[in-house]
Amino acid sequence: MTASQTALQDAAHLFTELVGGEPEGVWSSAGRANLIGEHTDYNEGFVLPFAIQYRTYAAARLRRDGVLRVASTFAPGAVELPVPALADAFGGSAGAAVAAGTVPEWAAYPLGVAWAALAAAGRAGTDVPGVDIAIASDVPVGAGLSSSAAIEGSVAAALNDLWRLDLAPLDLAKAGRRAENEAVGAPTGIMDQVSSIMGRADAATFLDCRSLETRSVDLGLEREGLVLLAIDTKVEHAHASGGYRDRRAACERGAAALGVPSLRDVGAADLDRARDLLDEVTFRRVRHIVTENQRVLDTVGALGASGPRAIGELLVASHASMRDDFEISVPELDTAVEAALGAGAIGARMTGGGFGGSAIALVEASAADAVADAAARAFADRGYTAPHVFAVVPSEGARRDS
Ligand code: ADP
Ligand code: MG
């Protein structure tokens, strides 16, 4: 039995414990990893993430009354709110209900999704029956694999069916982002939700963060006998929030100096002018975004024209740009990338916001153990905490499981 089937059963068991009887159905959505396109999202650029095999499950059934009740294996007890009260709880300033302690933070994800999905469908809280939802997951929380998008996607898929909201996948993703931004109070983009919900097996999801155009891009890993490994450095993102703010500010500064709404509007041909106009550090921040956007487009092109073996250099160039121009890598991430490449990886790069977290490596399936061993040895040689190496399998997004 796979880990995910266990989480599916955990959700169904929790439902029975909570409500008695069987759920009407179980819906799920995936965690995600990013193949390429880092810090490009808030610059209205391009990203290429993929849904992974770790999933969050929501077992659910309509109630006769108008109460929405959520429970998770993650936290003891159930949290409930009348559906018509969702707008009061979440319609005010961002994260207010969580800050006031009216709604526990974890419950603001599923309840916030209910609120945002109803609003997106133009339905009033009084129009729909209540629902019981029991949630279980095998997506590691806070590990950069977007457990938050997975819980949002699973609940959005369940409510879309049970309430017959008829929302398209992109609308469900938007409802997830709105829940996270406004109900939870976490300012995030829409990449996580799009990749969690819209993923397909052995494919990545191209997202244009300006137009929100999405496209499924075949990876062809299975055909080519390749796997993607995540190398979790176990380094906590200690400077992540300050570093993120600072990088975002640099990008805004760069765009303003260049007279464009966002760095999306700057191309490689503009970089000479940018070098003259900007201070040295801001220039390098801008150059990362400009070249990374191009690398995402080039990766999509190379996958289509030549398959996954052709993207190795783009992954390596992306890492170098994050290390040298955007300066968001740490020695552990550089070590993971160098060790993977030294052991024959086709490409490798840090993934996620930086300052810690994971690298990903594209490797021959037959070389996966050698790459994992090389990373472990390189970390041991330098006295770093042992990394956790595991496969990330590009997988299907939101779906109904039963
Ligand atoms: P991540 O990188 O995993 O998305 P976030 O901080 O964005 O980290 O989201 C993690 C939060 O999402 C958790 O602290 C919790 O509030 C909520 N969450 C994620 N998965 C679950 C779950 N299975 N049950 C309840 N809450 C969850
Ligand atoms: Mg998250």
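Entry 1, a buried pair. I began with Arg 349 and Glu 38, and I found that both are buried, a word I use for a relative accessible area under 20%, with exposed meaning over 50% and partly exposed in between (1.4 Å probe, protein chains only). The side chains of Arg 349 and Glu 38 form a salt bridge with an N to O distance of 2.4 Å; I count a salt bridge where a side-chain nitrogen of Lys or Arg is within 4 Å of a carboxyl oxygen of Asp or Glu. This pair links distant parts of the chain, as Arg 349 belongs to strand S9 (residues 347–350) while Glu 38 sits in the loop between S1 and S2, 311 residues apart. I take helices (H or I, at least four residues) and strands (E, at least two) as DSSP runs, numbered from the N terminus.

A note on the ground rules. I am reading a predicted model, in which local features need pLDDT of at least 70 and side-chain atom pairs count only at pLDDT 80 or more, whereas totals for chains, interfaces and linings use all residues. Residues are numbered from 1 along each chain as its sequence is written, chains are lettered from A and ligands numbered from 1 in the order in which they are written, and side-chain values use heavy atoms, with hydrogens and water left out.

By the rule I use, the count comes to 23 salt bridges. I looked next at Asp 132 and Arg 63, whose side chains meet in a salt bridge of 3.0 Å, N to O. Here too distant parts of the chain are linked, with Asp 132 in strand S5 and Arg 63 in the loop between S2 and strand S3 (67–72), 69 residues apart. I found both Asp 132 and Arg 63 to be buried.

I then turned to Asp 324 and Arg 323, which are joined by a salt bridge of 2.8 Å, N to O. Asp 324 counts as partly exposed because its relative accessibility is 39%, and Arg 323 is partly exposed because its relative accessible area is 33%. I also recorded that salt bridges with shared partners join Glu 38, Glu 292, Arg 295 and Arg 349 into one network.

I see the chain divided into domain 1 (3–216) and domain 2 (219–391), with bounds that come from an automatic or database domain assignment. The contact between them takes 25 residues from domain 1 and 39 residues from domain 2, where contact means heavy atoms within 4.5 Å. The centres of domain 1 and domain 2, taken over C-alpha atoms, are 28 Å apart.

I noted about 2700 Å² of area buried between domain 1 and domain 2, with carbon and sulfur atoms giving 62% of it; this is the accessible area (1.4 Å probe) that two parts lose on being put together, summed over both. Between the two domains I count three salt bridges. I also looked up the salt bridge of Asp 265 with Arg 210, whose closest N and O atoms are 2.8 Å apart.

I looked up Thr 56, which is placed in strand S2 and counts as buried because its relative accessibility is 2%. The side chains of Thr 56 and Ser 137 are joined by a polar contact of 2.7 Å. For a polar contact I require a pair of N or O atoms within 3.5 Å; within protein, one must be able to donate a hydrogen and the other to accept it, and residues adjacent in sequence count only if both atoms are side-chain atoms. Leaving aside residues up to four places away in sequence, I found that Thr 56 touches several residues, among them Trp 27, Ile 135, Val 139 and Ile 151.

I found Glu 44 in the loop between S1 and S2, with a phi near 60 degrees, a positive value in a residue other than glycine. Glu 44 is partly exposed because its relative accessible area is 31%. Arg 164 has a positive phi of about 50 degrees although it is not a glycine, and I place Arg 164 in the loop between helix H5 (147–162) and helix H6 (169–184). Arg 164 is exposed, with a relative accessible area of 69%.
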